[in-house]
Amino acid sequence: MQIEIPSNSDFSEHNLPFGIFSTEGIKPRVGMAIGDHVIDLLELLRAGIIDIDPELLKQSTLNNLIAQGKQVTNKLRTKVQAWIKSDSSPLGNQSKVFIKQSEVTMHMPVQVGDYTDFYSSIEHATNVGTMFRDPENALMPNWKHLPVGYHGRASSIVVSGHDIHRPKGQTKPKGADAPVYGPSRRLDFELEMAFIIGKPTELGQSITMENAHEHIFGMVLFNDWSARDIQKWEYVPLGPFLGKSFASSISPWVVTMEALEPFKVQGPIQEPEVLEYLEQKVLANYDISLEVGLTPQDGAYNVISNSNYKYMYWNMHQQLAHHTVNGCNVKVGDMMASGTISGKDETSYGSMLELSWAGSKTLELNDGVKRKFIEDHDTITLKGAAEKDGVRVGFGEVSAKILPSL
Ligand code: MN
C-alpha cells in the first residue's frame, strides 16, 4: 500500500498533530494525522520505528503523553517525520500503521481539567462594546491593560461531530416586563482557537513571559457556542454563565507549537504600554487563516467569515502570564481559549452577533437562505490553516449541527 499526501493537505509531514482515534477493532488510543490517514503509533512502535513506553500510546487521552514533557513528544514527532521523509521506509509496506481517516472515530484529545476563555481580539471587543454599550467608549477601561477572561465550564467541551441541542434558559425579550423561559432564539458560534497546557505549575507559582512557551503544548480550533439572549440577561455583574456553559466544540487534532513555529508573526502594537510582567520580547502571534462555514439542512456550505489568528491583541504568552500572576496553578490538559477572533472588516467577524450586527442585518446565503442567528439543523464548521513558502500546517475542522431543544 502506497500512501500519498495530497498537496493541499492540512496534515503535511510538517504538521504531524496528535489525536485520539478508535476503530471497530481498536480502542481509543494515540494517533497522528498524515494526509488523509491516521498513523497508529502503537503499530509504528511494534514495527520498531519509534521508541516509547507503549502504555503512553494506549491511553484514551493525550494527558499522560503530554505530561512527559516536550523532550519526549518532540522526539516522537521528529522520529516519525524523519521516517516519513526517508526513502527507505516510508509510506509503503507498513499497511497496519496507516488507517484512513474516513474509517476512524476521533475522540476528545485531552481530558480538560479547567477551561478559561479570554476576550483578546480588539476588533471583537470593540464591536461588542459598540453594540451593547457606547460606541464612544466601546472598550472597558481595563481592556488595553490586561487580557480579560473568565473561567468556563470544562465538562461541556466536546469534540467535532458531536451535535448540540439548542439550549433553554431565561431571557428578557425587548420591551417585556419580566423574563421568560424557553429555547434560546439568538444562538451563535464564536470563532476561536485554544491552547492546551503541557507543563503544570504548583499553586503559588507564576508563569513568566520568558517561560510561557514551555507550558504550551499545542492548539486546536474552538467553537465557543453562545446563546446571546441568555447571555445578555444574565451577565451583569459577574459575566458569562449559562449562555456559554451548554457547549463548546473543538477540533480533534492537537497541532504542536513546534509545527506552528514557522508561522510566527509580529502582533498588533500595544498602546498604551503594558505593565512589565506582560511585556513581549519575542514573537508570539501566529499567522493562521480561519474560515467559518454555515450549512443549512440539505443546503450548500456557505463561507460566512474569513479571519486570522494573527489579529489577536493579547497573545498566548500574555494570557498565561496574566492568568498565573496571582499564583493560580495550571494543569496538563487545561484549555485556554482566545476569545472570538474578529478581523477589521465585516467579512472577518467571528460571530453571528457581529455579522448580523445584533440582528439588525440579514445574511443572504446560497439558495435564498437568510440568517441572523443559527437555526435548528444548521451545521457550523470552523477551519484553520497556516501556509508559508509551500509549507502547510492545518487544523482540519471542527463541525457540529444544532438540533432542536430537548
Ligand atoms: Mn468565547
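Reply: What follows goes through several terms and sets values against definitions. This is a predicted model, in which local features need pLDDT of at least 70, side-chain atom pairs count only at pLDDT 80 or more, and totals for chains, interfaces and linings use all residues. Residues are numbered from 1 along each chain as its sequence is written, and side-chain values use heavy atoms, with hydrogens and water left out.

Me: Why is the pair of F18 and F217 called tilted?

Reply: Rings of Phe, Tyr and Trp (its six-membered ring) pair if their centres lie within 6.5 Å, and planes under 30 degrees apart count as stacked, over 60 as edge-to-face and the rest as tilted. The ring centres of F18 and F217 are 5.8 Å apart and their planes stand at 50°, so the pair is tilted. The structure holds seven aromatic pairs, and W143, Y313 and W314 form one aromatic cluster.

Me: How do you know that this pair links distant parts of the chain?

Reply: F18 is in strand β1 (residues 18-22) and F217 in strand β14 (residues 216-223), 199 residues apart. Strands (E, at least two residues) and helices (H or I, at least four) are DSSP runs, numbered from the N terminus.

Me: What makes F18 buried or exposed?

Reply: Buried means under 20% relative accessible area, exposed over 50%, and partly exposed in between (1.4 Å probe, protein chains only). The relative accessible area of F18 is 0%, so F18 is buried, and F217 is buried as well, with 4%.

Me: What makes D117, E190, E192 and D224 donors of the manganese ion?

Reply: Donors are N, O and S atoms within 2.8 Å of the metal (3.2 Å for Na, K and Ca), and since water is not among the atoms, sites may look incomplete. The protein donors D117 (OD), E190 (OE), E192 (OE) and D224 (OD) lie 2.1 to 2.2 Å from the manganese ion. In sequence they are spaced D-x72-E-x1-E-x31-D. Two of these residues can be set against the terms for burial: E190 is buried with a relative accessible area of 3%, and D224 is buried with 0%.

Me: Why are β9 and β21 said to stand at the edges of the sheet?

Reply: Two strands pair if DSSP finds at least two bridges between them. The open sheet of five strands has the order β9-β26-β25-β20-β21, with mixed pairing. β9 (164-165) and β21 (302-308) each have a single partner strand, so one side of each is left without a neighbour in the sheet.

Me: Which peptide bonds are cis?

Reply: A cis peptide bond joins V236 and P237, with omega about 5°, and the bond from E271 to P272 is also cis, with omega near 5°.
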